[in-house]
Amino acid sequence: MALSSDSSAGRDAREKITIQNVSRSYESADALANVSFSVAEGEFCCIVGPSGCGKTTLLRAIAGLDDPDGGSIQVDGDLVTGPGLDRGMVFQEYALFPWRTVRGNIRFGLDRPACDCPDCEARVRELIGLVGLDGFEDAYPKELSGGMKQRVGIARALAPDPEILLMDEPFGSVDARTRDHLHAELLDIWTQTGQTVVFVTHDIDEAVTLADRVVVMNAEPGTIQSTCSINLERPRERTTRDFVDYVAQIRSKVGSPVSTTH
Amino acid sequence: MSTQTDTGSNALTAETFEGDLQRYLRGLGGLLVFLLVWWVGAMTTQPSYLVPGPLESVYAFIELFATSTTVVVPVLGSSLVLPTGLAHLAQTLFHYVPGLLLGAGCGIGLGLTMGWNGVLDDWLRPLVRVLRPIPPLAWIVFAIVWFGIHHTGAAFIVFVGAFWINFYGAYGGVEGVSTELTDAASTLGVERDLSMLKLVALPSAAPQVLTGFRTSIGRCWMIVVGAELFGAPGVGYEIINASNNLAMATSVAYMFLISLAFLCMDVGFRLLERRVLAWR
């Protein structure tokens, strides 16, 4: 894997995820209508849009948790037909197993179907260090703050070493200060692992802080309004002129006004 | 600042200690009032056997341990010599424990499968609706004609009682498993239904399963005594046997014994529950 990613680094952005004409309707409304776009290998892609634009549905479809009515989703050219260890998912409300400790939660994906890592305990320790939870190995989720829970959620998703990390408004329930920390940590992890990240949020500031490219969606039905590459050095300061311009540009594209907490 | 918080926390522990003490004293007060009312009631009721007094009952209780009785262990066939009270308690346990464990096992098993498998749920739900409301003791007639009113018959009644309580505990527990957790497990490589049941549904349902079992411990004591009033050997039978001889104090002594046995089991199970569910 390390070899092939080295060689692909030289090439221009190989397509990792290809979404073609994906539609999904629920009884009440069209959640997604003819959505097509692709995510390049190693890209950090944020999807923003008002609630009800189907961004979570789209992410769940990539994860294989939701079956679209039409169109196709391919990962490395293979059709997505269900969940797989090549795609890790981080959930908005953490979705930690409350009966497992931090260690047990992170270990979960390593034991499925059978543990094939040379030293799983070392891998778990490494991940705990990566997300800064040393000393909390044996804590249960109920003992952790929201930010810490999501650190476990991220470590758990990273454990089976997925090529793609799917994140569904992962920092929506943590306070602003913790969110800033987590943004920095996430970018560090992404730099280290080189994974492809698809990150759903309704917070435009968050998207501009993190993304290589922002996909803007409209609601009713969920469609792609436009995409916008963010050409800013990281770490990004939210007060710089360019940053503010990007945010304003994206906000103007989002059909209905989206309020941000900042 | 720090000294202030120190005194604050000290005051708090002192307060909770005082609160605990007050609660214990009130509880003790309630018991004493009850004993007084009982004692006065027993003194003033004629004929005196109608309400045996507290002291008389305590003597009768002690008496249960002064004599010994031989009980035959079912299946093994060996006999045990125990103090009379314990001997009859043992007789009760000989059908209570197998009935409870078997009923709980089958109830939890069916509850989990039905809660997990929609097709089976569709098939069995109407049947469950019909059978569930039948009070376990109503099955006594079949217990008698099928097994005879001895250990097996009584165990069957206890089985029915334990079955439904545990069934609903497990069924509700599995039904309440959040899709978020099953989704998370799917993305982490859980593919087979059976693994999902074992790794997610079962631990997630554990609190309700255990609550169901704890409830059934108490309910089965009621049921087992009911079954014994019909003639199965054990403490329930001794209650009615003593009252037939107008030895009401002995009946009260056996009632105490049941209460004690239940308390021990309940407290023991609560401790176990707290350990198993430390994550809650």
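The bend at a residue is the angle between two axes, one fitted to the seven residues ending there and one to the seven starting there. Keep that in mind for the helix I start with.

First, the ground rules. This is a predicted model, where local features need pLDDT of at least 70, side-chain atom pairs count only at pLDDT 80 or more, and totals for chains, interfaces and linings use all residues. Residues are numbered from 1 along each chain as its sequence is written, chains are lettered from A and ligands numbered from 1 in the order in which they are written, and side-chain values use heavy atoms, with hydrogens and water left out.

Now helix α8 of chain B, residues 193–229. Helices here are DSSP runs of H or I with at least four residues, strands are runs of E with at least two, and both are numbered from the N terminus. The expected span of a helix is 1.5 Å times one less than its number of residues. For 37 residues a straight helix would give 54 Å, but α8(B) spans only 46 Å between its end C-alpha atoms. Where does α8(B) bend? At B:Ala206, by about 50 degrees, and B:Pro207 follows within four residues. After α8(B) comes B:Gly231, with a positive phi near 130 degrees.

Next, the two chains together. Contact means heavy atoms within 4.5 Å, and by that rule 17 residues of chain B touch 22 residues of chain A. The chains bury about 1,800 Å² between them, 71% of it on carbon and sulfur atoms. Buried area is the accessible area, with a 1.4 Å probe, that two parts lose on being put together, summed over both. Of the area chain B buries against chain A, 40% comes from B:Thr187, B:Leu188 and B:Trp279, more than from any other three residues.

How many salt bridges are counted between chain B and chain A? One. It takes a side-chain nitrogen of Lys or Arg within 4 Å of a carboxyl oxygen of Asp or Glu. Here A:Arg60 meets B:Asp183 at 2.8 Å, N to O. On the side of chain B that touches chain A, α7(B) gives the most, with seven residues.

Over all chains there are 24 salt bridges. One of them joins A:Arg103 and A:Asp138 at 3.1 Å. A:Arg103 sits in α3 of chain A and A:Asp138 in the loop between α4 and α5, so the pair ties together parts 35 residues apart in sequence.

Last, a peptide bond: A:Arg234 to A:Pro235 is cis, with omega near -5 degrees.
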